[in-house]
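Here are my notes on side-chain contacts. Please read them with the structure open.

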Amino acid sequence: MFEKFSRSWGLVKASAEVLRADKELLLFPLVSALAALAVAASFVLPVLGLPWFQGLGEGDSLPGPFYVWAFLFYLAQYFVIFFFNTALVGAAMIRLGGGDPTLRDGLRIAVERWPAILGYALIAATVGLLLRAIEERAGFIGRIVIGLIGVTWTVATFLVVPVLVARNLGPLDALKESAALLKRSWGENIIGNGGIGLAFGLLTVATIVVGIALAGFAAAQGLTVLAALLVALTVLAAIALALVQAALSGIYSAALYRYAVDGQAPAGFDGAVLQDAFRRKV
């Protein structure tokens with residue numbers, strides 16, 4: 001576990017160097033989060049009063065309108081997320097190539113590839129909805145199987161966005177290219193190996209635990225204003241960590257793509273760590 005965290009922290013530091021040189025890369029996940037919230041509100045608020053939506057928690061089989069609504073919701077959310085992730089990865093690739101990208105450069109790349117992004121969002125929404133529908137009808141073992149399928153899908157599509165940026169392919173070709181690069185660089189049977197998500201997961205948990213403990217201590221001393229302030233600061237810190245993680249993950253995927261294509265680690269990244277980004281199943 002310690003070795004895995006050490007590798008993950010190495011990836012964080014290498015990606016952070018790129019982010020430090022281009023702090024405006026943080027704007028991509030920030031705008032993406034705000035846009036995703038706006039999309040969620042535009043989908044959820046109008047249907048709150050509808051009978052089929054109000055009865056979703058009763059354990060009955062889900063009605064047809066729910067699946068139509070869920071598919072459109074997934075599609076819109078995935079498009080927003082992939083659009084700004086494409087912009088982020090595009091800007092990161094310019095930086096890794098020695099350039100000095102701007103916010104406009106990243107957005108321009110995403111706008112140029114919006115048809116492919118929409119196509120990929122359509123595929124991801126279909127897969128996501130199918131997995132959810134199957135999971136709701138499966139037993140305990142079935143849920144485990146669906147979970148494993150979901151992990152496999154996540155790994156196989158890890159390089160799709162960098163491929164869309166670098167190759168400007170269609171969504172299906174980008175999926176095939178992502179899977180082929182992963183297979184060629186990391187073997188036929190691969191699983192995720194933590195990466196930046198592990199390091200930030202532990203940091204976020206530590207931040208929340210410390211924040212809640214301090215707020216609880218302050219409340220026990222009758223310092224309610226201080227307790228409320230500590231809770232607010234903890235929430236803001238967790239949000240800030242999530243934004244930084246999203247930015248670093250985009251940079252990381254760009255670095256992994258460059259490594260998978262030419263076998264050379266970008267400046268600041270350890271080739272051995274990138275090679276261990278995915279490990280073969282034992």
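1. Glu17 and Arg20 form a salt bridge, with 2.4 Å between the closest N and O atoms. The term means a side-chain nitrogen of Lys or Arg within 4 Å of a carboxyl oxygen of Asp or Glu. Both residues sit in helix 1 (residues 2-21), three residues apart, or about one turn of the helix. Helices here are DSSP runs (H or I, at least four residues), numbered from the N terminus.

2. Keep the source in mind: this is a predicted model, in which local features need pLDDT of at least 70 and side-chain atom pairs count only at pLDDT 80 or more, while totals for chains, interfaces and linings use all residues. Residues are numbered from 1 along each chain as its sequence is written, and side-chain values use heavy atoms, leaving out hydrogens and water.

3. The cut-offs are under 20% relative accessible area for buried and over 50% for exposed, with partly exposed in between (1.4 Å probe, protein chains only).

4. The whole structure holds seven salt bridges. One of them joins Asp100 to Arg95, at 3.0 Å from N to O. Asp100 is exposed, at 56% relative accessibility. Arg95 is partly exposed, at 22%.

5. Asp105 and Arg108 also form a salt bridge, with the closest N and O atoms 3.9 Å apart. They are three residues apart in helix 5 (residues 103-112), so about one helical turn separates them. Arg108 is partly exposed at 39% relative accessibility. Salt bridges link Asp105, Arg108, Glu112 and Arg113 in a network.

6. Now the aromatics. Rings of Phe, Tyr and Trp (its six-membered ring) pair if their centres lie within 6.5 Å; planes under 30 degrees apart are stacked, over 60 edge-to-face, and the rest tilted. That rule gives nine aromatic pairs. In one, Phe73 and Tyr74 have ring centres 6.4 Å apart and planes at 50 degrees, so the pair is tilted. Phe73 and Tyr74 are both buried.

7. Phe158 and Tyr252 make an edge-to-face pair, because their planes are at 70 degrees; the centres are 6.0 Å apart. Phe158 lies in the loop between helix 7 (140-156) and helix 8 (160-167), and Tyr252 in helix 11 (residues 224-262), so the pair ties together parts 94 residues apart in sequence. Phe158 is partly exposed at 29% relative accessible area, whereas Tyr252 is buried at 6%.

8. Which residues do ring pairs link into a cluster? They are Phe43, Trp69, Phe73, Tyr74, Tyr78, Phe82 and Tyr120.

Conventions. Helix = DSSP H or I, 4+ residues; strand = E, 2+ residues; numbered from the N terminus.
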